[in-house]
Amino acid sequence: MIQDSQHATVINRGQVSFLHFPVFDQYPEVVACFAMKGETDRYYDYAPGNHRKELWSELGIDGDLVVGISEQIHSVNVARVDDARCRYTKLDGLVTNRRDIFLTTLVADCIALLIYDPKNHAVANLHSGWRGTLAKMARVGVQKMIDEYGSRPEDLICVICPSIRRDDFEVEREVKDDFARQFREIADEIIEEVDGHKFMIDTVACNKYMLEEMGLRQKNIIDTGICTVCANDVLHSYRANKDTEKARRNLALIGLKSC
Ligand SMILES: [Zn+2]
């Protein structure tokens, strides 16, 4: 179950269920959502029988203008998208300032960061799982917006989509050590040692830290606060569902429509 909050509300419409982000309500050009399996176990990934068409029609967008990444590889490769017909592969982030191009990533426990620049009218969709977090995708993605569109970090608004959260993200010692190395300044905050041999990591805190480090305002970093493992009745979670669901994924989308 997901309770509506000030940062994310559940929309159930006919065949589809998705999270809506009220922070974008004041910007009519923004289309953004995080698709849920909802009560009827719909899904929107690449598997045959997905319910993408229904989702596009509920969002009022043309499916031909939706851009996905055919292979996400936990990298920090970010592509500028100027043409929805091109193929984007072996990447983990997309940026565009074109209207009527809608950027998507697929996640099931990994973090999707949806970023909007209201001044330069540009967006980014970044896949930042634990590997991407270690490789600092949040920094690379914001830098890409600066380089491509002249974005100023203080203008950017970033939604942190539902993802695995600290209380469910237990890692091996080596992974813990990698986080301690990459995030030395905040290691005490992001790593929790339990019983001397279990390590819990707060990857959301790492991403918030990087966004702030890049210059985003704290008030513009909008964390949905939703854990995919805890809410796996309505969201796909790799850790919670890997045995039963063949690791289906949630679809995160952002784009600008012509107003
Ligand atoms: Zn949880």
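## Overall form

Buried residues make up 46% of the 259 residues in the protein; a residue is buried if 20 or more other C-beta atoms lie within 10 Å of its own, exposed if 12 or fewer, and partly exposed in between, with C-beta atoms placed from the backbone. The structure is a predicted model, in which local features need pLDDT of at least 70 and side-chain atom pairs count only at pLDDT 80 or more, while totals for chains, interfaces and linings use all residues. Residues are numbered from 1 along each chain as its sequence is written.

The protein contains seven helices and 15 strands, where helices (H or I, at least four residues) and strands (E, at least two) are DSSP runs numbered from the N terminus. Its C-alpha atoms fill a box of roughly 55 × 45 × 35 Å along the principal axes.

## Contacts and the nonpolar core

Two residues are in contact if their C-beta atoms, placed from the backbone, lie within 7 Å. Among the contacts with a separation of 6 or more, 64% are between residues 24 or more positions apart.

The largest nonpolar core has 78 residues; such a core is a set of buried Ala, Val, Leu, Ile, Met, Phe, Trp, Tyr and Cys residues joined through C-beta atoms within 7 Å. In soluble globular proteins, nonpolar side chains tend to be buried together. Within this core, Leu114 and Cys158 touch the most other members. When residues up to four places away in sequence are not counted, Leu114 touches Ala32, Asn125, Cys158, Val159, Cys161, Ala252 and Ile254.

## A pair of helices

Two packed helices are described by the angle between their axes and the distance between the axes. Helix α3 (residues 137-149) and helix α6 (residues 203-214) have axes that come within 8 Å and cross at roughly 35°; the axes are lines fitted to C-alpha atoms over the stretch in contact, and angles run from 0 to 180 degrees between N-to-C directions.

On the α3 side, Ala138, Arg139 and Val142 meet Asn207, Met210, Leu211 and Met214 of α6. By class, this contact of α3 with α6 has five nonpolar, one polar and one charged residues. Here Ala, Val, Leu, Ile, Met, Phe, Trp, Tyr, Cys and Pro count as nonpolar, Asp, Glu, Lys and Arg as charged, and the others, Gly among them, as polar.

## Two residues with positive phi

Most residues other than glycine have a negative phi, and most peptide bonds are trans. Asp100, in the loop between β6 (93-96) and β7 (101-107), has a positive phi near 65°. Asp100 counts as partly exposed because it has 15 C-beta neighbours inside 10 Å.

Asp109 also has a positive phi, near 105°, and is found in the loop between β7 and β8 (111-117). With 28 other C-beta atoms within 10 Å, Asp109 is buried.

## Loop residues

Glu39 and Ala47 are both in the loop between β3 (30-36) and α1 (52-59). Glu39 counts as exposed, with 11 C-beta neighbours inside 10 Å, and its C-alpha atom is separated by 38 Å from that of Pro153, 114 residues apart along the chain. Ala47 is exposed, with 10 other C-beta atoms within 10 Å; the C-alpha atoms of Ala47 and Arg248, 201 residues apart along the chain, are separated by 8.1 Å.

Leu235, in the loop between β14 (221-223) and α7 (238-241), is buried, with 29 other C-beta atoms within 10 Å. Leaving aside neighbours within four places in sequence, Leu235 is in contact with Met36, Lys37, Pro162, Thr228 and Asn250.
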